[in-house]
Amino acid sequence: MKRLVSGNEAIFQGAIQAGASYFAGYPISPASEILQQAALYSEENSGFRFLQAEDEIAAAIATISASLSGAKAFTATSGPGFTLMQEALGWGHVIEAPCVFVNSMRVGPSTGMPTQPAQSDLLQIKAGSAGDYYPIAFYPNSVEECFRLTATAFNAAEESLSPIILLADAFLSHLYEMVDLERITVEVTPRSKEPLGSGQRLFTGTAHDKIGNVKTNDPVVYREWLWEVKGRHDRAAEKYPLFEYLPRKNSETLLIAFGITSRIISSLKDRFSIFRPIRIYPVLEKELKEMTQSYRHIIVVEGSDGQYASWVECAICRKVMKVPCLGGGFKLKWIQNQIEECLKGAGR
Amino acid sequence: MDRSYKELLKLRRFPHTWCPGCGIGAVLKNVAMAIKELNWNYQNTVAVSGIGCSGRMSGYMNLDAVHTPHGRPLTAAETIKTVRPDLNVIVLSGDGDLGSIGGNHLLHTSRRNPDITVFCNDNEIYGLTGGQAGPTTPKGTKTITSPRGEPYLPLRLGRILTQQPPYFYARTTVYHLNHLKTCIREALLWKGFSFVDIISDCIELNGRRLGFKTAHQMFKWFDQRFHIVEGERDHLQEDELGIAKAMTEEVPQPMEKVEVKPEILMEDLKPFTLEELQSFDGSGGKPIYIAYKGKVYDLSASPLFQGEKRMRCHIAGKDLTKDMGIAPHGEDLVFKFSLVGRLE
């Protein structure tokens, strides 16, 4: 039955559909509704465990530990909480725990503007924790896609054996749309890791060899381990080269936008071509190269000061123009003016 | 001597990383022995540890072991127990890990009382990083980060963990071996959150600076500082070794007072029409009446019906049945007031 569903609810239901049986979280706008849903759901379903942790650090550690114990686990937070979760995120990558972290972004840094939407935690997903690691992140732009991509994120987690990040923003979390969740079918990948209590393994955040022996002074072992992890992540990411491309004939300009920004500028599709990456990280290098080569102007419209734009520039080896929607200001008219000014400046 | 506990140790990884004379060896060995005695094995037991010298303990156990980031073993252990109640979960950690960086988790995990057992190798120093002052370093102790003596009072783990039942807190040392064994065994058997605070020595990075020549001298020092107390205790003094435990007292829930009001027949009530009711709005010394579900109540005693700041829905002399739907309170509130009549 079609009904009004919010982005947050769709994320929660998507996780349940994917087989999630553990949620840990700490209240933070705009992700609190996921926590509330989990609390309610655990009351009615004894197989589903729930923890309202003392802080996001504990929530993230609990999520990863639950994954080690054999549950499909996830957590949800916003920018400041995601900052606290970085420690656990790094740990999850080293001990190879499949789980999902939902980050509903709001204006930062620090407490920022609660609760104005933003898209400024992109660098945090890649570089928030210490060392080299290879996260995979998806970013839906509709309530239905929230549902589908949460399930996709769980599948990608099992394939890459790592925490997958599902991005959203304050707009999307609180966006209500008519969706029939029961009719959406998603593929579900089963658990790929033996749970705790079935071996004599060591799950350590310290550098280790293949059987889990701590090796803190051997570059060869470390390199081998890292290449293996990188290869696995790349293979998992390649399975999901998700994007949306709306070409406009004779347009010399390509707009790149994702998440809620892509919804806002969708009415410009009659004037410009629009490219929407859904897999935010790893950056869709091949696709971006292919799509952008025939355009004279490339404008990245995003809710941060050029975080994604810098990745695009790296990927296509070419300067792009930016329209940063900062401080929660996502007005279409303003964006349109900014695009016009960019084009004027570029000598159209 | 029964050496079968060695099955629980990853001997292929020996020699271990700890300094000669360190107390962690005694902790690890006695925990392994106690687990073996209880017939726990890798299929039903998980060891969790944090960071520090003590954090390496889990890696030497022949079990599935989880080596968490600094300070987080309690959260991890609690979650493992939640998801897999069939597993026995033990935490092998230290005072810096549990009391300092993981202090928040110590407060909240113990409050939630999961059935896990925590062994804290309490050596009163940060050993792995070279001998910095820790949360349990006694006041006045010279360390490399408190060259004039630690200026602050130490954290009293015992006080924190015995603040409200249920709790199990044992303090022992690596020198009082038999006592150590008893504490470990009782803690493993305790249903709920149990914490064993094992006073341990760090000769290389703390003891020598304090003037001790050997680990044995430090043991003797423990013997002087602490004494064993026998029997059931609620709390331990700071110089006492023993077990403080308490179950939750079954507090009988106070019965809610139910006043049986004599049944009043509708016909016996004084009838009011809506027009009549309107005059009872509190003006001119008259009482304040409202109607609810066909009955009239005297709300003169309610502060919300008086003065200019009366709330939106509190209108005297009206039928307020429909307004109940948007009220933040239930109809019980109305029934508390005295019934004076019925609405015609």
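In the predicted model, chain B meets chain A through 34 of its residues, which are in contact with 34 residues of chain A. The size of an interface is often given as the accessible area lost when the parts come together. Between chain B and chain A, the buried area is about 2,700 Å², and carbon and sulfur atoms give 56% of that area. Three residues, B:D64, B:H67 and B:V83, supply 20% of the area that chain B buries against chain A, more than any other three residues.

Chain B contains 10 helices and 12 strands. Its radius of gyration is 32 Å, whereas a compact globule of 344 residues would have a value near 20 Å. Taken along the principal axes, a box of roughly 95 × 50 × 35 Å holds the C-alpha atoms of chain B. Of the contacts in chain B between residues at least 6 apart in sequence, 66% join residues at least 24 apart.

Of the 344 residues of chain B, 48% count as buried. Chain B carries 42 positive and 40 negative side chains. The centres of these two sets lie 9 Å apart.

A:P282 lies in the loop that runs between β14 (279-281) and α10 (285-292) of chain A. In chain B, the peptide bond from B:P165 to B:P166 is cis, and its omega is near 0°. The loop between α5 (157-161) and β5 (167-173) of chain B holds B:P166.

Positive phi values in residues other than glycine were also examined. B:N113 has a phi near 55°, a positive value, and is not a glycine. This residue is placed in the loop between α4 (103-112) and β4 (116-122) of chain B. B:N113 counts as partly exposed because its relative accessibility is 25%, and the partly exposed class lies between the cut-offs of under 20% for buried and over 50% for exposed. B:K293, likewise a residue other than glycine, has a positive phi near 50°. B:K293 is found in the loop between β10 (289-292) and β11 (295-298) of chain B.

Technical notes. Residues numbered from 1 in each chain as written. Chains lettered and ligands numbered in written order. Predicted model: local features only at pLDDT ≥ 70, side-chain atom pairs only at ≥ 80, totals over all residues. Heavy atoms only, no water. Helix = DSSP H or I, 4+ residues; strand = E, 2+ residues; numbered from the N terminus. Rg over C-alpha atoms; globule rule 2.2 N^0.38 Å. Buried < 20%, exposed > 50% of the residue type's maximum accessible area, 1.4 Å probe, protein only. Contact = heavy atoms within 4.5 Å. Lys, Arg positive; Asp, Glu negative; His and termini not counted. Charge placed at Lys NZ, Arg CZ, Asp CG, Glu CD. Buried area = accessible area lost by both parts, 1.4 Å probe.
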